[in-house]
Amino acid sequence: QLIQSGGGAVQAGDSLELSCAAAGSPKRTYGMAWFRQVPGKEREFVARIEWGGDNARYADSAKDRFIISRDVARNTGYLRIIKVTVEDTAVYFCAAGDTDQPTASAYSFWGQGTQVTVSS
């Protein structure tokens with residue numbers, strides 16, 4: 001079970017951090033990923049990090065302003081967005097699974113989603 005927190009309404013140029021707490025300790029081979037979705041579109045991969053290591057992978061659109069991290073001791077993953085833009089408005093989901101793929105269908109466990117709304 002993944003429980004998300006953070007998000008909400010922010011101004012363009014602000015920074016924000018989303019959290020994703022796992023109910024138990026994910027396996028070391030697991031990856032934690034973040035996706036986002038806007039109405040009428042498919043869930044879009046943002047970033048992924050290895051739970052047992054620190055290798056991270058980002059979508060090309062996320063490489064400059066997104067930072068994914070995890071705190072193994074707290075069983076919690078994070079996604080920090082720097083200088084948000086209106087285009088970052090979406091529902092953000094965290095996901096976990098024994099996969100390194102950037103596709104939503106590869107992940108077994110999902111957070112409930114959190115809305116991020118950026119105003120100009």
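Q: At 25% relative accessibility, what does W110 count as?
A: This is a predicted model, in which local features need pLDDT of at least 70 and side-chain atom pairs count only at pLDDT 80 or more, while totals for chains, interfaces and linings use all residues. Residues are numbered from 1 along each chain as its sequence is written, and side-chain values use heavy atoms, with hydrogens and water left out. Buried means under 20% relative accessible area, exposed means over 50%, and partly exposed is in between, with a 1.4 Å probe and protein chains only. At 25%, W110 therefore counts as partly exposed.

Q: How many aromatic pairs are there?
A: Rings of Phe, Tyr and Trp (its six-membered ring) pair if their centres lie within 6.5 Å; planes under 30 degrees apart count as stacked, over 60 as edge-to-face and the rest as tilted. By this rule, the number of aromatic pairs is 5.

Q: What kind of aromatic pair do F35 and Y107 form?
A: The ring centres of F35 and Y107 are 5.6 Å apart. Their planes are at 75 degrees, and the pair is edge-to-face.

Q: How many residues apart in sequence are the parts that F35 and Y107 tie together?
A: Strands (E, at least two residues) and helices (H or I, at least four) are DSSP runs, numbered from the N terminus. F35 lies in strand β4 (residues 31–37), whereas Y107 is in the loop between β9 (90–97) and β10 (109–110). The pair therefore ties together parts whose separation in residues is 72.

Q: Why is the pair of F35 and W110 not edge-to-face but of another kind, and which kind is that?
A: The ring centres of F35 and W110 are 5.3 Å apart. Their planes are at 50 degrees, so the pair is tilted.

Q: In which strand does W110 lie, as the partner of F35?
A: The pair links distant parts of the chain, 75 residues apart. F35 is in strand β4, and W110 is in strand β10.

Q: R43 lies over the face of which ring, at 3.7 Å from the ring centre?
A: A charge sits over a ring if NZ of Lys or CZ of Arg is within 6 Å of the ring centre and within 35 degrees of the ring normal. The charged end of R43 sits over the ring of W110, 4.9 Å from its centre. At 3.7 Å from the ring centre, R43 lies over the face of F93.

Q: Is K83 buried or exposed?
A: K83 is in the loop between β8 and β9, and has a positive phi of about 50 degrees although it is not a glycine. With a relative accessible area of 56%, K83 is exposed.
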